[in-house]
Amino acid sequence: MKNLFIFACGIFLFMGNQSQAQNDQTKATMEKQTIYQFKVEDLSGNDFDFASLKGKKIMIVNTASKCGYTPQYKDLEALYKEYKNKGLVIVGFPANNFGAQEPGTNEEIATFCQLNYGVTFPMMSKISVKGDDMSPVYQFLTQKSKNGLQDSEVKWNFQKYLINEKGELVKVITPKTLPNDPEIINWIKE
């Protein structure tokens, strides 16, 4: 009986260690996910591979042309011009998820951004940033199980996601926070 008890305890410990090993492996897999796994299309229909941004800080922002926050394009462009040679890339994703404030086609969006704000930072094709048709990039940005940091919800246009030089999500910034806010500038200079 004593031997049977010891044998049962041994099996229980073995199973527990296997379960822990699986949990560790799952955690390690989760931690390996980065923004670099994604390839998207830019406004001109060209492929854009996030892996080409390795070693740079990335700010991802969902944009809209007819929003009260649309003037942030000006601040985003100024930020990009000031820090692009110091390792910052801003990537814009037009989205029509909030109040139908981005109704245009990719061509119309590109023209609007260039004419009104002189945007030179990379702008991607229009996507969805919430709901059943949420793009894989935004699934990564908003789900802790994928980004390893936190769950979040895109609250409105011009929400900002900060990605470090390793491709990892490190911070979520509210739409109302301007691109030149000290919190963002300090992160860039870290």
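Colleague: Before we start, what should I know about the numbering and the cut-offs?

Modeller: Residues are numbered from 1 along each chain as its sequence is written, and side-chain values use heavy atoms, with hydrogens and water left out. As this is a predicted model, local features need pLDDT of at least 70 and side-chain atom pairs count only at pLDDT 80 or more, while totals for chains, interfaces and linings use all residues.

Colleague: Fine. How many helices and strands are there in the protein chain, and in what order do the elements run?

Modeller: Helices (H or I, at least four residues) and strands (E, at least two) are DSSP runs, numbered from the N terminus. On that basis the protein chain has six helices and six strands. From the N terminus on, the order is α-β-β-β-α-β-α-α-α-β-β-α.

Colleague: What share of the 190 residues counts as buried?

Modeller: Buried means under 20% relative accessible area, exposed over 50%, and partly exposed in between (1.4 Å probe, protein chains only). Of the 190 residues in the protein chain, the buried share is 42%.

Colleague: Let's look at helix α6. Why do its buried residues line one face?

Modeller: In α6, residues 182-189, the buried ones are I184, I185, W187 and I188. Seen down the helix axis they fall within an arc of 160° (taken from the directions from the axis to the C-beta atoms), so they line one face. On the other side, the exposed residues are P182 and K189.

Colleague: How many aromatic pairs does the structure hold, and what kind is Y73 with F158?

Modeller: Rings of Phe, Tyr and Trp (its six-membered ring) pair if their centres lie within 6.5 Å; planes under 30 degrees apart count as stacked, over 60 as edge-to-face and the rest as tilted. The structure holds eleven such pairs. The rings of Y73 and F158 have centres 5.4 Å apart and planes at 90°, so this pair is edge-to-face.

Colleague: Where in the chain do those two sit, and how many residues apart are they?

Modeller: Y73 is buried, at 0% relative accessibility, and F158 is buried too, at 0%. The pair links distant parts of the chain, with Y73 in helix α2 and F158 in the loop between α5 (144-147) and β5, and the separation is 85 residues.

Colleague: What is phi of F158?

Modeller: Most residues other than glycine have a negative phi. F158 has a positive one, and its value is near 70°.

Colleague: Which side chain does T63 make a polar contact with?

Modeller: A polar contact is a pair of N or O atoms within 3.5 Å; within protein, one must be able to donate a hydrogen and the other to accept it, and residues adjacent in sequence count only if both atoms are side-chain atoms. T63 is found in strand β3 and counts as buried at 0% relative accessibility. Among the residues T63 touches, beyond four places in sequence, are F93, M123 and F158. The polar contact, at 3.0 Å, is with the side chain of Y73.

Colleague: Is K126 buried, exposed or partly exposed, and which backbone oxygen lies 3.5 Å from its side chain?

Modeller: K126 lies in the loop between α3 (106-117) and α4 (136-142). At 31% relative accessibility, K126 counts as partly exposed. Its contacts beyond four places in sequence include N96, E102 and I109. The backbone oxygen 3.5 Å from a polar atom of its side chain belongs to P103.

Colleague: Last one: how many disulfides does a search of the whole structure find?

Modeller: A disulfide is a pair of cysteine sulfur atoms within 2.5 Å. C67 is buried at 10% relative accessible area, and C113 is buried at 2%. The number of disulfides found is zero.

Note on methods
Contact means heavy atoms within 4.5 Å.
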